[in-house]
Amino acid sequence: MVYALCTAVMILAVLCVVNVMLAMGIIRRLREHTERLNALNERPAGGPPPAVQPGETVAEFEPGAPLPERTLIGFFSPSCAPCKELAPAFAELAGTMAREQVFAVIAGFPDETGTMRELLDPVARVSHGGPDGGPLTKAFKVEAFPQVFLLDASRTVLAAGHTLDDVLAATHG
């Protein structure tokens, strides 16, 4: 009986040591994974900004059509929680402007854009850019959603940001 008890204790001790070694291996891998993710998220110094900045001019995105004095452009993704929060405020601001002065770009699969399209379609010219956002997203160098821009007639960016605060100041200023 004593031999069986000693054998059980030895097996349990070996299992505990194996468990600790596996846990340490998992912790090491998680640290490596976290370092890799952090390296991906860091931008190199002097790299390009994440989107066009105020003062920059955007290439012609609606060929042959002149822009109004001020044009509001919003980039949204239906799978983005901040986009869902910003879209009603954007629609409210767009409602105070002529529909020709407002563009909304929705980046996502067609089956998931319905609700956002219904909200923005009455007040803006809505473009569905596919999962990557399409050519407008590339022209504005948008890498994160939501993003809002205010342009003048010469396509110069007057205001840009992830919220409407800067755009509101430029609209009323």
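Helices (H or I, at least four residues) and strands (E, at least two) are DSSP runs, numbered from the N terminus. Under this definition, Thr137 has its place in helix 4, and the chain as a whole has five helices and five strands. The model is predicted, so local features need pLDDT of at least 70 and side-chain atom pairs count only at pLDDT 80 or more, while totals for chains, interfaces and linings use all residues. Residues are numbered from 1 along each chain as its sequence is written, and side-chain values use heavy atoms, with hydrogens and water left out.

**Overall architecture**

- From the N terminus on, the order of elements is α-β-α-β-α-β-α-β-β-α.
- Of the 173 residues in the chain, 34% are buried; buried means under 20% relative accessible area, exposed means over 50%, and partly exposed lies in between (1.4 Å probe, protein chains only).
- The accessible surface of the chain comes to about 10800 Å², and 63% of this belongs to carbon and sulfur atoms; the areas come from the Shrake-Rupley method with a 1.4 Å probe, and for residues only the protein chains shown count as cover.
- Among the contacts in the chain with a separation of 6 or more, 64% are accounted for by residues 24 or more positions apart; contact means heavy atoms within 4.5 Å.

**Surroundings of Thr137**

- Thr137, in helix 4, counts as buried because its relative accessibility is 3%.
- With neighbours within four places in sequence left aside, Thr137 is in contact with Phe75, Val105, Asp132, Val142 and Phe145.

**Aromatic pairs**

- Rings of Phe, Tyr and Trp (its six-membered ring) pair if their centres lie within 6.5 Å; planes under 30 degrees apart count as stacked, over 60 as edge-to-face and the rest as tilted.
- The count by this rule comes to four aromatic pairs.
- One of them joins Phe75 and Phe140 in a tilted arrangement, at 5.4 Å centre to centre and 55° between the planes.
- Phe75 lies in strand 1 (residues 70–76) and Phe140 in the loop between helix 4 and strand 4, so this pair ties together parts that are 65 residues apart in sequence.
- Both Phe75 and Phe140 are buried.
- Phe75 also forms an edge-to-face pair with Phe149, at 5.8 Å centre to centre and 90° between the planes.
- That pair links distant parts of the chain, with Phe75 in strand 1 and Phe149 in strand 4, 74 residues apart.
- Phe149 is buried, as is Phe75.
- Phe75, Phe140 and Phe149 together form one aromatic cluster.

**Charged pair**

- Side chains of opposite charge can pair when their charged atoms come close.
- A salt bridge is a side-chain nitrogen of Lys or Arg within 4 Å of a carboxyl oxygen of Asp or Glu, and the structure holds one.
- The salt bridge is formed by the side chains of Asp121 and Arg99, at 3.4 Å from N to O.
- Its partners come from distant parts of the chain, 22 residues apart: Asp121 is in the loop between helix 3 and strand 3 (125–128), and Arg99 is in the loop between helix 2 (81–95) and strand 2.
- Asp121 is partly exposed because its relative accessible area is 32%, and Arg99 is partly exposed at 36%.

**Cysteines**

- A disulfide is a pair of cysteine sulfur atoms within 2.5 Å, and the count by this rule comes to zero disulfides.
- Cys6 counts as partly exposed at 44% relative accessibility, whereas Cys80 is buried, with a relative accessible area of 12%.

**Loops and backbone geometry**

- The peptide bond from Phe145 to Pro146 is cis, with omega near -10°; Pro146 lies in the loop between helix 4 (134–139) and strand 4 (147–152).
- Lys141, in the loop between helix 4 and strand 4, has phi near 55°, a positive value in a residue other than glycine.
- Lys141 is partly exposed, since its relative accessible area is 43%.
- Arg155, in the loop between strand 4 and strand 5 (157–161), has phi near 65°, likewise a positive value in a residue other than glycine.
- Arg155 counts as partly exposed at 25% relative accessibility.
- Pro110 is found in the loop between strand 2 (102–106) and helix 3 (114–120) and counts as exposed because its relative accessibility is 58%.
- Pro110 and Gly130 are 20 residues apart in sequence, and their C-alpha atoms are 7.1 Å apart in space.
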